[in-house]
Amino acid sequence: MSVFEAAAQQLHTVRDFFRFTVSQFQEAELFFGHGNDNAYDEAAYLILHTLHLPLDTLEPFLDARLLDTEKSLLLQLVQRRTSERIPVAYLTHQAWQGAYEFYVDERVIVPRSFIYELLGAPLHPWIEYDELVHRALDLCTGSGALAIQMADIYPDAMIDAVDISLDALEVACMNIEDYGLEDRINLIHTDLFTGIDTTYDLIVSNPPYVDAESVAQLPEEYLHEPELALGSGIDGLDATRQIIQQAARYLNPKGVLLVEIGHNRQVLEQAFPELPFTWMPTSGGDGFVFLLTREQLLGEA
């Protein structure tokens, strides 16, 4: 009898299944990087979501008994998480970026960009009023998360959201419809700026930026994400180079470019020593997202 067959027979309450799930996650030595950072929080989330309970309320339900159908579904998910190393967001089709909820599946990476923290007030030294953003662009939009957050924070803005992956744009379309933003967010299937003929007040991008060596060493959980959305050449900067080299022609005067580059700050600064990068403070540190204005990109400031 497998441990999961035994669990189906001998476990009965939410408390039982919570303890069991944490134990299984710990024993499997899972990697947590897609919404939670430890076995305890991920077990609580998976159980509460699966049982359709409030995600922030575990305690009152700990001694509630589960139906056999609930046990079966929960154990199936726990087994898939541990044996297949599938990120929990793909099991629940739910991901959060800040206070915003999004549908996700394996057609897109799980949203986790620091850029959302920088929209609005943190950009006021460069964009004094949110109402001054009339057109904005989200390059490599994936699930559409940043485009949706921009539409919310910049109420007067029309947003273009670009991705090279049609699969990703299908997911983005679902999220945009969920937020009722079909009239404000325009999805474009292209490679970065190819075919774009508009200029913008704000361009943001969370492009692929993992270098080849790091791609080869990624935890198994990341291998469920689209490879196209992770790696970007030997040093991880292929896409970022193109963005920097082309962005100025797509920015309005005093327009702002905001790009996330992971752990590539030193390599990027060596590649573009003439550019006065501003490194924005985020919850992960101040070396992950850079800001450049149109004038800085053109060498005029």
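A: Overall dimensions first: a compact globule of 301 residues would have a radius of gyration near 19 Å, and the protein chain comes out at 21 Å, which agrees (taken over C-alpha atoms, with the globule rule being 2.2 Å times the number of residues to the power 0.38). Bear in mind that this is a predicted model, where local features need pLDDT of at least 70, side-chain atom pairs count only at pLDDT 80 or more, and totals for chains, interfaces and linings use all residues. Numbering runs from 1 along each chain as its sequence is written, and side-chain values use heavy atoms, with hydrogens and water left out.

The C-alpha trace spans about 70 × 40 × 30 Å along its principal axes. The chain has 11 helices and nine strands (DSSP runs numbered from the N terminus: H or I of at least four residues, E of at least two). Buried residues make up 53% of the 301, where buried is under 20% relative accessible area, exposed over 50% and partly exposed in between, using a 1.4 Å probe on protein chains only.

Now the close-up: helix α2 (residues 14-28) and α4. Their axes come within 10 Å and cross at roughly 15 degrees; the axes are lines fitted to C-alpha atoms over the stretch in contact, with angles from 0 to 180 degrees between N-to-C directions. The two helices are therefore roughly parallel, the cut-off for that being under 35 degrees. From α2, Phe17, Phe20, Thr21, Gln24, Phe25 and Ala28 meet Lys71, Leu74, Leu75, Val78, Arg81 and Thr82 of α4, a contact being heavy atoms within 4.5 Å. These residues split into seven nonpolar, three polar and two charged (Ala, Val, Leu, Ile, Met, Phe, Trp, Tyr, Cys and Pro are nonpolar; Asp, Glu, Lys and Arg charged; the others, Gly among them, polar).

Zoom in on Thr21, which sits in α2. Thr21 counts as buried because its relative accessibility is 0%. Leaving out residues up to four places away in sequence, Thr21 touches Ala43, Ile47 and Val78.

For contrast, look at the loop between α3 (39-50) and α4 (68-83), where His52 lies. With 74% relative accessibility, His52 counts as exposed. From His52 to Thr69 is 17 residues in sequence and 13 Å in space, C-alpha to C-alpha.

Conventions
Parallel < 35°, antiparallel > 145°, perpendicular 65-115°, else oblique.
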